Each structure stands twice: as C-alpha cells, then as structure tokens.
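Subject: Handing over the two-chain model

Hi there,

Here is the structure I promised to pass on. Please have a look at it first, and then read my notes below.

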Amino acid sequence: MSASDILGLVTSILLFAFGAIVFGFYIYSAVWAFRIRRALMSPLFKERARWVGIAAITFALLVSSNLLIRFFASDNFYLGLLEYFVVDTAGIVMLVWIDITIKVARRSDPLNRNTFLWKQLRYFVWFFTFLTTAGSLASVIFLHVSYFNIPGGNGGAFIAGSFGWVFLGFLALYLSFKRSRDPILREHLKWLGLFLFLLLLIDTVFSQDFPAFRIADEALLAVDAYFLYRAARSLAPLSRAPLERSVETSA
Amino acid sequence: MVSTGLEQLDTVLGGDGYPEKSSILVAGPPGVGKEALGYWFTRSGLVVGDPCLYVTHLAVSEVLEDLKAFRISTDKLPSWIASEGSESKVDMNDLTSISATVKESIRKNVVDGKRIRVVTDVLSPLLMLNPPDTIYRFFGQLLADSKKNNAVFLATIEEGMHQPQVLAAMEQLFDGVLELRLYEEGPRVEPLFRVRKMRGLQPRPTYYRYEFSKGKMEMTPYVSK
C-alpha cells in the first residue's frame, strides 16, 4: 500500500465519520422539530416547526446523496440528477422556513412592521427561486452538467445560485432580528442565521476539490448541523422544572 | 358567570366559566394557543348576544386568518381596535389614545348596562415599548374602568419575553390567571394548562394536558411519569 493509498483511505474514513455525524444531527433536529410541533397549538408556529423538521430531513438526504456521489459514482447522471433535486428542494424548503419565520417575527414586533417590505418582496423572491430551480434542473437534464463536473470543480457556486434568493430572505431575517425585542424569537433567529451563514461559507469557500478542503467541508457541516439542531430546539421555550405539588405523581 | 366558550374549560373553572366583572390573564410562551382562549371567549359572547371588543396590535386580516386556522366560525365578528383593517386604530406608541379608544368603544357597545367582553393581545407589545411601571398603572386604570362598565376583560401575555418580576406584578392586577406551558419530560413535550388563580375558586394545583381539536379544548389531568 502506497502512502497516497493510505492517505486516500484515511480521508475516506474521516469523510464517512463526519458524514455519519452530520446525518445523525440532521435526523435528531427533525425529531425535535416534530416533537415540539406536536405540542404547539398556534397554526403559524406549528407550520414553522413542521418546516424546520422538513428542512432537517432534506439536509439529511442531501448529505447522504452527496456521500453516495463522492464515493461511488461521481459521474453518474441519475445520481447527479438526484443531487440537484435535493439541493433545489433544500433551497425551496429553506425559503419556506424563512418566509414563515418572518411572519412570526412580524407578529412578535410590537409595531407589527412590514420588515424589508417582505409582504410584497416575497412574491418576487418566490418567482425567481422557481425560475432558478427550473434553470438548474434544465441544465442537468439537457446539458448534463452535474454537481461535480462544473468547470473549476466548484459545484458550490452552482448551489449558491439556487440559494441566492433565499439569502434575500436572510437579509429580511437579519432586520427582523435587529427589530425584535422578543428574546425567544431572537434565540431562534440567531441559530437559523448561523446555520445559513455557515452553509453559504461551506458551499462557496470550502467546496473546492482538494482532500483537505473536503475534510474541512464535512467537519464544518457537522458544526452547521449542530446549529440546525439548536434552531429546532429553540422553536419554543420548554420548561423542565419539576411540577412539584402540581401534579399527581404516578406510582 | 361568563362562559369561556369551551365546555371543558368551564368545568375546570367550576362549571360556569369566568366570574362576572372579572379580568383574566392568559400567560404562556408564544405558540401555545393563548390567543385561542380569547377567540373562543369572543365567539361564545357573539353567539349569546354579548357585545365583544377585540383589541389587537395585529391587522384584522391576521386575526381572521388565525380564526380560520383554529376552525372558529367568522359569521359573527366583534368590534375591532386593530393596527390595520379596523375603523378604530391602535397606535402602540400612544398609551393615551389606546386608553381613550378602548373606553370609548366599551361605552359605545354597552347597551343598558349589559355585559361586554373585551379581549386583547396588546399587553406584551406595550411592555416591550414602555417601562413596566407605566404599563402597570395604565392597565390597572383600564381594568378598573372596564369593570365599572360591566366588562369581562381577557388579556394575553407572553411568558419568556418579560422579566419574571414584571410578569408577577402584572398577575397582581388580574382576578384570574391561566397558565399555558410546554413541558419537557424525557423524550416528550407536553402542552400543559393550569389555573394559577381565579376569583372565587379554591386554588387547584392540578396541571391538565390540553389540545384544541374539532372546535373543542380537550383537557385531561396530567400525571407526571
């Protein structure tokens, strides 16, 4: 076994280990989001929790399909197509999450302000998100461009394209964060913001096709998945203090 | 007594609902359904012919959206004081105008000293914009005036948004306090309800697990595992 083979093996093991951690965090985030959703009563808050759960599942799918492509069939057309479907779905799911969160933020704003004119802007953002999604799918189907064969080896730029409109929502969220005086919402916005920011960083800076970058990419994804987990946990404040003298305790 | 609009809640409160000329505070974190108690209270008032006033920092359209989501009929609607979509507007930066508008609306809606139901979600937003002692005095005066006009007043407050001492001080102003919370026990998250205090009712420390379904509030005593 040559030194480069050993390096390749170590890289693969590390990538799989990080991939498993990331996948686990995403699934655990989804479990928490749906658990909290079940207990919430307000339709808007239930909806937000549902989409956090769906986002976590989508990202778990994304990380699994990514690993499959990297290790087994980097130039397989159908896997490339699957990857695009998941990436574009993730973009749309993120936008739904942001859209609902801005609505929640508006309600928690004592002055009920239309932050960033989002009520009007959202139609424009949704239109261009669908346009970008359709464009990227068309490029996979007709031009056979796959995530890993974009010139320069940088598929991240392509993903950033799909997510571009989502980041307009991110700006609106940032403004909501600055305006909100609600510590519960601010906590959720903080973790959502960190998750989105690191995701953009990973997809643009660390998606170069070098082994060191690939490991850093996966390690940072693990941190990002943790941010998503914290965002799911911060959907609603949960009380853990014992209910002493307040409930009959079962034998 | 004044029905809450929810049969099981009436039972928990001793059979008939809230006391006459009372002020009720519903406290809980965002998303637990505090506003639903206000919607059902208003709905029940409209059905029996009580005049109802809904004071909100939201737009009327947003409240109507919520009513539909909770499957509460919108065939009869209350008088509104809202930030948008109502004849009387609420300006959250102007306490004097809020007070005057609410008092005027109560006077306008009350006929022959008949009971009126007032529901509001403005307490938390006002606490975010003003010092707590100002809001304490403002609400104290508003509640006293409302009672003089034979009103049953229900307000919601966001738990976790304000300092615990502010919340405790606000609770002092009200005759009844209903608490909603999300309780994490092991892998489960349970929505719990408790009557923290109620005028004329013996303290009942029992927590209930609750759920809104098919236009009802299902409540079962919660047994800690």
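Does B:Gly160 count as buried, exposed or partly exposed, going by its C-beta neighbours inside 10 Å? It counts as partly exposed, because it has 19 such neighbours. The scale behind that calls a residue buried if 20 or more other C-beta atoms lie within 10 Å of its own, exposed if 12 or fewer, and partly exposed in between, with C-beta atoms placed from the backbone.

Before the rest, some housekeeping. This is a predicted model, in which local features need pLDDT of at least 70 and side-chain atom pairs count only at pLDDT 80 or more, while totals for chains, interfaces and linings use all residues. Residues are numbered from 1 along each chain as its sequence is written, and chains are lettered from A and ligands numbered from 1 in the order in which they are written.

On confidence, the model scores ipTM 0.94 and pTM 0.90. Chain B averages a pLDDT of 93 (the predictor's confidence in each residue, from 0 to 100), and 100% of its residues score at least 70.

**The two chains**

Chain A has eight helices and one strand, and from the N terminus its elements run α-α-α-α-α-α-α-α-β. Chain B has seven helices and eleven strands. Helices (H or I, at least four residues) and strands (E, at least two) are DSSP runs, numbered from the N terminus.

Of the 251 residues in chain A, 42% are buried; for the 225 residues of chain B the figure is 47%. Two residues are in contact if their C-beta atoms, placed from the backbone, lie within 7 Å. Taking contacts with a separation of 6 or more, residues 24 or more positions apart account for 78% in chain A. In chain B, 68% of the contacts between residues at least 6 apart join residues at least 24 apart.

The C-alpha atoms of chain B fill a box of roughly 50 × 40 × 35 Å along the principal axes. Its radius of gyration is 17 Å, which agrees with the value near 17 Å for a compact globule of 225 residues. That radius is taken over C-alpha atoms, and the globule rule is 2.2 Å times the number of residues to the power 0.38.

**Where the chains meet**

In the interface, 34 residues of chain B are in contact with 30 residues of chain A. On the chain B side, α3 (60-69), α5 (123-129), β7 (176-185), β8 (188-198) and β11 (223-224) each supply at least two residues. By class, that side has 21 nonpolar, seven polar and six charged residues. Here Ala, Val, Leu, Ile, Met, Phe, Trp, Tyr, Cys and Pro count as nonpolar, Asp, Glu, Lys and Arg as charged, and the others, Gly among them, as polar.

Back to B:Gly160, which sits in the loop between β6 and α7 (164-173) of chain B. Leaving aside neighbours within four places in sequence, B:Gly160 is in contact with A:Pro183, A:Ile184, A:Pro237 and B:Pro29.

The largest nonpolar core has 126 residues. Such a core is a set of buried Ala, Val, Leu, Ile, Met, Phe, Trp, Tyr and Cys residues joined through C-beta atoms within 7 Å. Its residues with the most contacts inside it are A:Tyr26, A:Val52, A:Ala56 and A:Leu228. Beyond four places in sequence, A:Ala56 touches residues including A:Tyr26 and A:Leu228.

Helix α2(B) is largely enclosed by the rest of the structure, because eleven of its 15 residues are buried. One of them is B:Thr42, with 25 C-beta neighbours inside 10 Å. Setting aside neighbours within four places, B:Thr42 is in contact with B:Cys52, B:Tyr54, B:Pro78, B:Arg117 and B:Val119. After α2(B) comes B:Gly49, with a positive phi near 90°.

**Two backbone angles to look at**

Most residues other than glycine have a negative phi. A:Asn112 has a positive phi of about 50°, and lies in the loop between α3 (77-108) and α4 (118-143) of chain A. B:Asn150 has a positive phi near 65°, and is found in the loop between α6 (132-148) and β6 (151-158) of chain B. A:Asn112 is partly exposed, and B:Asn150 also counts as partly exposed.
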